[in-house]
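Hello,

Here is the structure I promised to pass on to you. Please open it first, then read my notes below with the model beside you.

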Amino acid sequence: MVEQQNSSSKVQALYELCKKTFTSSGVPPSSRAIQKLCSLLDTVGPADVGLREENRDDDRGHGFLGPNRLTRVARWAQSITYVDIFECDSFTMCIFCFPTSSVIPLHDHPSMTVFSKVLYGSLHVKAYDWVEPSRYQKSKGPGYPAVRLAKLTVDKVSTAPCGTSVLFPKSGGNLHCFTAVTSCAVLDILTPPYREDAGRKCTYYHDYPYSTSSIGNGAELSAEKIDDQAWLAEVETPDLYMRQGAYTGPTVKV
């Protein structure tokens, strides 16, 4: 592969704008900075990040990997491909390539702002924000998960070409789940990145309808039904089928 040394590439422009905008402290960017970054992200397509046209429809979630590096297995055993473009203390730029029907389960982004741009295909996004003031259902003992009330803020399919979505620490759907309706790819910018020792640990959840009368081994909840609310129970980190892909787009000059 021949490296693309194009300093005026969109990836380079993204890097420079992110470097100028974000800090490792986690202070959310200004609305003007968010608008500027979204406008640039809206122009980014698959070719701008090295995603080959011929791999869009192979439905294996490996658009960044050459065909000779793959072993054909059943689709449900195929992993999501994670491609790291750039990472520092202030932000991460990365891409997720999804085979059809693959899922990244419901998870949070503590004290983080995340920009997501669907590059091709269709992706279903279901996202929540915590209800404030916080409302909990206490655990009744071993085997009974403690749950917290959340409000559904996003439940839609995004199909490329489409605009950039943004989630914030306390709004915009900070807890989300991705499900690939078709083979698709998503460019993500996270600021600041996950970092457990700084309190930014990724936590996974299972959502239960507000009307659920029992959770887990029978924890009782209200029978009242509110369509846009759900109880979220923390779960152990799931076994995700994810593999590292090689970034083949324009080189980021640091």
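The largest nonpolar core holds 31 residues, and L14, L37, I85, F115 and I189 have the most contacts inside it. A nonpolar core here is a set of buried Ala, Val, Leu, Ile, Met, Phe, Trp, Tyr and Cys residues joined through side-chain atoms within 4.5 Å, where buried means under 20% relative accessible area with a 1.4 Å probe, protein chains only. Two or more residues of this core come from each of helix 1 (10–21), helix 2 (31–41), strand 1 (80–87), strand 2 (92–98), strand 4 (113–120) and strand 10 (184–191); helices are DSSP runs of H or I with at least four residues, and strands are runs of E with at least two, numbered from the N terminus.

This is a predicted model, in which local features need pLDDT of at least 70, side-chain atom pairs count only at pLDDT 80 or more, and totals for chains, interfaces and linings use all residues. Residues are numbered from 1 along each chain as its sequence is written, and side-chain values use heavy atoms, with hydrogens and water left out.

What does I189 touch, leaving aside its neighbours within four places in sequence? Its contacts (heavy atoms within 4.5 Å) include L14, C18, F22, L37 and F115.

A second, separate core has 19 residues, among them I104, V114, F178 and A180.

Do click on these residues and see what you find!

Best wishes

Methods
Buried < 20%, exposed > 50% of the residue type's maximum accessible area, 1.4 Å probe, protein only.
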